[in-house]
Amino acid sequence: MKIGTREVVLLFGALAILFAMFVSGIFLFLRFVKTAGPAIAERGPAPASAPAAGTQVVSLAYVAEGFPMGLSAGQADRFSLAAARPAEIRVIPEGDSDLQYGELPLGGAFYPIALGRAGLYLDANHNGDLTDDRGPYANEGSGVFATTAEVPTASGPYSMWFFLSNMGGATYYAKCHRAGTFPFLREYKMVLYDAQPNGRYDDEPLVIDWNDNGSVEEGESIRVGQDFRVGDRAFRLASIDPAGASGTIAYF
Ligand SMILES: [Ca+2]
Ligand SMILES: [Ca+2]
Ligand SMILES: [Ca+2]
(Lines give C-alpha, C1' and ligand atoms only; values in the text may rest on other atoms or scores of the structure.)
(Ligands and ions follow the chains in the order given, each with its own letter.)
Protein backbone atom coordinates (compact mmCIF):
# COMPACT_ATOMS: atom_id res chain seq x y z
CA MET A 1 0.00 0.00 0.00
CA LYS A 2 1.35 3.33 -0.99
CA ILE A 3 1.26 6.05 1.67
CA GLY A 4 0.62 9.42 0.11
CA THR A 5 1.31 12.94 1.39
CA ARG A 6 -2.36 13.30 2.35
CA GLU A 7 -2.18 10.25 4.67
CA VAL A 8 1.05 11.53 6.32
CA VAL A 9 -0.58 14.92 7.00
CA LEU A 10 -3.67 13.22 8.50
CA LEU A 11 -1.47 10.99 10.72
CA PHE A 12 0.58 13.91 12.02
CA GLY A 13 -2.64 15.88 12.54
CA ALA A 14 -4.13 13.05 14.63
CA LEU A 15 -0.91 12.76 16.66
CA ALA A 16 -0.91 16.53 17.23
CA ILE A 17 -4.53 16.42 18.54
CA LEU A 18 -3.69 13.50 20.87
CA PHE A 19 -0.63 15.38 22.16
CA ALA A 20 -2.71 18.54 22.74
CA MET A 21 -5.33 16.52 24.67
CA PHE A 22 -2.57 14.91 26.79
CA VAL A 23 -0.94 18.28 27.64
CA SER A 24 -4.27 19.97 28.51
CA GLY A 25 -5.10 16.92 30.70
CA ILE A 26 -1.88 17.47 32.65
CA PHE A 27 -2.72 21.17 33.09
CA LEU A 28 -6.24 20.34 34.30
CA PHE A 29 -4.80 17.80 36.78
CA LEU A 30 -2.22 20.31 38.10
CA ARG A 31 -4.96 22.94 38.47
CA PHE A 32 -7.08 20.46 40.50
CA VAL A 33 -4.18 19.65 42.83
CA LYS A 34 -3.48 23.37 43.27
CA THR A 35 -7.10 24.20 44.24
CA ALA A 36 -7.41 21.10 46.50
CA GLY A 37 -4.35 22.17 48.60
CA PRO A 38 -5.77 24.97 50.79
CA ALA A 39 -8.92 22.97 51.57
CA ILE A 40 -6.74 20.23 53.14
CA ALA A 41 -4.66 22.82 55.02
CA GLU A 42 -7.83 24.33 56.55
CA ARG A 43 -8.59 21.00 58.25
CA GLY A 44 -5.26 21.13 60.13
CA PRO A 45 -4.71 21.46 63.91
CA ALA A 46 -7.08 23.73 65.88
CA PRO A 47 -5.65 26.96 67.36
CA ALA A 48 -3.75 26.60 70.67
CA SER A 49 -6.49 28.42 72.63
CA ALA A 50 -8.99 25.66 71.88
CA PRO A 51 -7.75 22.33 73.29
CA ALA A 52 -8.81 19.13 71.63
CA ALA A 53 -11.64 17.14 73.17
CA GLY A 54 -10.47 15.04 76.10
CA THR A 55 -9.95 15.35 79.83
CA GLN A 56 -7.65 17.43 81.96
CA VAL A 57 -6.76 16.90 85.62
CA VAL A 58 -6.44 20.14 87.60
CA SER A 59 -4.56 20.15 90.93
CA LEU A 60 -5.91 21.64 94.14
CA ALA A 61 -3.36 22.32 96.90
CA TYR A 62 -4.02 22.21 100.64
CA VAL A 63 -4.52 25.60 102.35
CA ALA A 64 -4.72 25.41 106.17
CA GLU A 65 -6.78 28.55 106.85
CA GLY A 66 -9.28 31.01 105.47
CA PHE A 67 -12.83 31.13 104.15
CA PRO A 68 -12.24 31.40 100.40
CA MET A 69 -14.71 33.38 98.25
CA GLY A 70 -16.70 34.12 101.43
CA LEU A 71 -18.01 30.55 101.52
CA SER A 72 -19.94 29.82 104.70
CA ALA A 73 -19.10 26.89 106.96
CA GLY A 74 -21.54 24.18 107.94
CA GLN A 75 -21.26 22.03 111.05
CA ALA A 76 -20.47 18.35 110.92
CA ASP A 77 -23.05 15.90 112.28
CA ARG A 78 -22.79 16.01 116.05
CA PHE A 79 -21.28 13.00 117.78
CA SER A 80 -21.40 12.10 121.45
CA LEU A 81 -18.72 11.90 124.13
CA ALA A 82 -18.98 9.47 127.06
CA ALA A 83 -17.01 8.67 130.23
CA ALA A 84 -16.69 4.95 129.44
CA ARG A 85 -13.25 4.22 128.01
CA PRO A 86 -13.45 2.22 124.74
CA ALA A 87 -11.55 -1.09 124.80
CA GLU A 88 -9.17 0.03 122.02
CA ILE A 89 -7.79 2.93 124.11
CA ARG A 90 -4.96 1.33 126.09
CA VAL A 91 -2.74 4.26 127.12
CA ILE A 92 -4.11 7.51 128.54
CA PRO A 93 -2.20 10.60 129.74
CA GLU A 94 -1.01 10.58 133.35
CA GLY A 95 -2.78 13.12 135.58
CA ASP A 96 -5.65 13.60 133.13
CA SER A 97 -7.69 10.49 133.76
CA ASP A 98 -11.15 12.11 133.95
CA LEU A 99 -11.67 11.87 130.21
CA GLN A 100 -14.71 11.99 127.92
CA TYR A 101 -14.25 9.65 124.95
CA GLY A 102 -15.65 9.70 121.46
CA GLU A 103 -14.91 9.03 117.79
CA LEU A 104 -14.33 11.86 115.36
CA PRO A 105 -15.76 11.01 111.90
CA LEU A 106 -13.58 12.35 109.08
CA GLY A 107 -13.14 11.27 105.46
CA GLY A 108 -14.73 7.86 105.97
CA ALA A 109 -12.50 7.09 109.00
CA PHE A 110 -13.14 7.41 112.74
CA TYR A 111 -10.43 8.92 114.94
CA PRO A 112 -10.60 8.06 118.68
CA ILE A 113 -10.58 11.25 120.75
CA ALA A 114 -10.72 12.14 124.42
CA LEU A 115 -11.44 15.47 126.09
CA GLY A 116 -9.73 16.20 129.41
CA ARG A 117 -8.50 19.09 131.56
CA ALA A 118 -5.50 19.70 129.29
CA GLY A 119 -7.65 19.74 126.18
CA LEU A 120 -8.42 17.46 123.23
CA TYR A 121 -6.45 14.23 122.71
CA LEU A 122 -6.57 12.65 119.27
CA ASP A 123 -5.34 9.13 118.52
CA ALA A 124 -4.31 10.12 114.99
CA ASN A 125 -2.13 7.02 114.45
CA HIS A 126 -4.84 4.62 115.65
CA ASN A 127 -2.58 2.69 118.04
CA GLY A 128 -4.73 3.02 121.18
CA ASP A 129 -2.17 5.34 122.80
CA LEU A 130 -3.35 8.93 123.45
CA THR A 131 0.14 10.10 124.47
CA ASP A 132 2.14 9.63 121.25
CA ASP A 133 0.20 11.95 118.93
CA ARG A 134 0.18 15.72 118.40
CA GLY A 135 -1.67 17.50 121.18
CA PRO A 136 -3.38 17.85 123.52
CA TYR A 137 -5.07 20.79 121.83
CA ALA A 138 -5.81 23.39 124.54
CA ASN A 139 -9.09 25.30 124.80
CA GLU A 140 -9.02 28.38 122.53
CA GLY A 141 -12.71 29.19 122.70
CA SER A 142 -14.81 31.41 124.94
CA GLY A 143 -17.43 28.68 125.50
CA VAL A 144 -17.11 25.29 127.20
CA PHE A 145 -14.45 23.98 124.84
CA ALA A 146 -13.21 24.79 121.32
CA THR A 147 -9.88 24.37 119.59
CA THR A 148 -8.11 24.25 116.24
CA ALA A 149 -6.90 20.72 115.47
CA GLU A 150 -5.07 19.56 112.37
CA VAL A 151 -5.87 15.89 111.76
CA PRO A 152 -3.20 14.01 109.74
CA THR A 153 -5.50 11.89 107.56
CA ALA A 154 -4.25 9.21 105.15
CA SER A 155 -4.73 11.65 102.24
CA GLY A 156 -3.15 14.68 103.93
CA PRO A 157 -3.78 17.18 106.73
CA TYR A 158 -7.22 18.53 107.58
CA SER A 159 -7.52 21.57 109.82
CA MET A 160 -10.75 21.99 111.76
CA TRP A 161 -12.38 24.06 114.48
CA PHE A 162 -13.51 21.40 116.98
CA PHE A 163 -16.04 22.43 119.64
CA LEU A 164 -18.66 21.23 122.08
CA SER A 165 -22.08 22.09 120.75
CA ASN A 166 -24.74 23.96 122.74
CA MET A 167 -27.08 21.26 121.46
CA GLY A 168 -24.99 18.54 123.16
CA GLY A 169 -22.14 16.42 121.86
CA ALA A 170 -19.19 17.57 119.77
CA THR A 171 -18.90 18.87 116.23
CA TYR A 172 -16.50 20.74 113.92
CA TYR A 173 -16.25 22.84 110.81
CA ALA A 174 -13.45 22.96 108.25
CA LYS A 175 -10.82 25.67 108.62
CA CYS A 176 -8.85 24.37 105.64
CA HIS A 177 -9.69 24.30 101.93
CA ARG A 178 -8.12 23.36 98.58
CA ALA A 179 -7.10 25.93 95.95
CA GLY A 180 -5.87 25.87 92.34
CA THR A 181 -6.35 27.44 88.92
CA PHE A 182 -8.42 26.48 85.89
CA PRO A 183 -6.22 27.17 82.87
CA PHE A 184 -8.30 28.04 79.82
CA LEU A 185 -7.66 31.27 77.87
CA ARG A 186 -6.49 32.67 81.21
CA GLU A 187 -6.04 31.33 84.77
CA TYR A 188 -9.25 31.33 86.80
CA LYS A 189 -9.02 30.84 90.58
CA MET A 190 -10.66 27.66 91.85
CA VAL A 191 -11.47 26.56 95.39
CA LEU A 192 -12.92 23.50 97.03
CA TYR A 193 -14.32 23.83 100.54
CA ASP A 194 -15.71 21.09 102.81
CA ALA A 195 -18.86 23.10 103.55
CA GLN A 196 -20.78 19.94 104.58
CA PRO A 197 -17.92 18.89 106.85
CA ASN A 198 -17.15 15.19 106.63
CA GLY A 199 -13.56 15.25 105.35
CA ARG A 200 -14.75 14.58 101.77
CA TYR A 201 -14.67 16.99 98.83
CA ASP A 202 -16.43 14.94 96.13
CA ASP A 203 -19.79 15.99 97.66
CA GLU A 204 -18.91 19.70 97.33
CA PRO A 205 -19.12 22.12 94.38
CA LEU A 206 -15.95 23.28 92.67
CA VAL A 207 -16.02 27.08 92.79
CA ILE A 208 -14.47 28.87 89.78
CA ASP A 209 -14.21 32.64 90.14
CA TRP A 210 -15.10 33.57 86.54
CA ASN A 211 -15.33 37.31 87.21
CA ASP A 212 -12.21 37.33 89.44
CA ASN A 213 -13.88 39.32 92.24
CA GLY A 214 -12.93 36.96 95.10
CA SER A 215 -16.51 35.96 95.94
CA VAL A 216 -18.88 33.28 94.73
CA GLU A 217 -21.88 34.19 92.56
CA GLU A 218 -24.49 32.30 90.54
CA GLY A 219 -22.89 30.09 87.90
CA GLU A 220 -19.57 29.84 89.77
CA SER A 221 -20.42 26.71 91.85
CA ILE A 222 -20.08 23.60 89.70
CA ARG A 223 -21.15 20.15 90.84
CA VAL A 224 -19.77 16.83 89.59
CA GLY A 225 -21.51 15.94 86.32
CA GLN A 226 -22.48 19.56 85.59
CA ASP A 227 -21.73 21.21 82.20
CA PHE A 228 -20.37 24.74 81.86
CA ARG A 229 -19.04 26.99 79.10
CA VAL A 230 -16.06 29.29 78.67
CA GLY A 231 -16.45 31.36 75.52
CA ASP A 232 -17.58 28.95 72.81
CA ARG A 233 -16.17 25.84 74.48
CA ALA A 234 -18.21 23.35 76.54
CA PHE A 235 -16.81 21.55 79.58
CA ARG A 236 -18.04 19.12 82.19
CA LEU A 237 -16.78 18.61 85.73
CA ALA A 238 -16.25 14.86 85.39
CA SER A 239 -15.08 14.12 88.94
CA ILE A 240 -13.54 15.46 92.15
CA ASP A 241 -11.01 13.46 94.15
CA PRO A 242 -12.63 12.61 97.55
CA ALA A 243 -9.50 13.97 99.28
CA GLY A 244 -9.78 17.20 97.25
CA ALA A 245 -6.32 16.96 95.66
CA SER A 246 -7.62 17.23 92.09
CA GLY A 247 -10.58 17.59 89.76
CA THR A 248 -11.07 16.08 86.30
CA ILE A 249 -12.55 18.33 83.61
CA ALA A 250 -13.82 16.99 80.26
CA TYR A 251 -13.48 19.18 77.14
CA PHE A 252 -15.90 18.88 74.20
CA1 LIG B 1 -1.74 7.33 119.22
CA1 LIG C 1 -18.05 17.31 102.33
CA1 LIG D 1 -16.93 35.64 91.49
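How many bridges join β9 to strand β10? I looked this up first, and found seven, with β9 and β10 (residues 186-192) running antiparallel.

**Ground rules.** I'm working from a predicted model, where local features need pLDDT of at least 70, side-chain atom pairs count only at pLDDT 80 or more, and totals for chains, interfaces and linings use all residues. Residues are numbered from 1 along each chain as its sequence is written, while chains are lettered from A and ligands numbered from 1 in the order in which they are written.

**Confidence.** I checked pLDDT (the predictor's confidence in each residue, from 0 to 100). Its mean over the protein chain is 86, and 83% of the residues reach 70 or more. Helix α1 (residues 5-41) has the lowest confidence, a mean of 57, and β5 the highest, at 98. Over residues 30-48 I see pLDDT under 50, and the model has one contact beyond four places in sequence for that stretch.

**Strands.** I count one helix and 15 strands in the protein chain; helices (H or I, at least four residues) and strands (E, at least two) are DSSP runs, numbered from the N terminus. Two strands pair if DSSP finds at least two bridges between them. Strand β9 (residues 177-184) is also joined to β2 (residues 61-63), antiparallel, by three bridges. There I find Val-63 opposite His-177. On the β10 side, Arg-178 has Leu-192 as its bridge partner. The β9-β10 hairpin has one residue between the strands, and Leu-185 takes a positive phi near 70°.

Next I looked at burial: a residue is buried if 20 or more other C-beta atoms lie within 10 Å of its own, exposed if 12 or fewer, and partly exposed in between, with C-beta atoms placed from the backbone. Of the 252 residues in the protein chain, 23% are buried. Contact means C-beta atoms, placed from the backbone, within 7 Å. Leaving out residues up to four places away in sequence, Leu-206 touches Met-190, Leu-192, Ile-222, Leu-237, Ile-240 and Gly-247.

**Gly-143.** I found Gly-143 in the loop between β5 (119-122) and β6 (146-153). Gly-143 counts as exposed because it has 10 C-beta neighbours inside 10 Å.

Notes: Contact = placed C-beta atoms within 7 Å.
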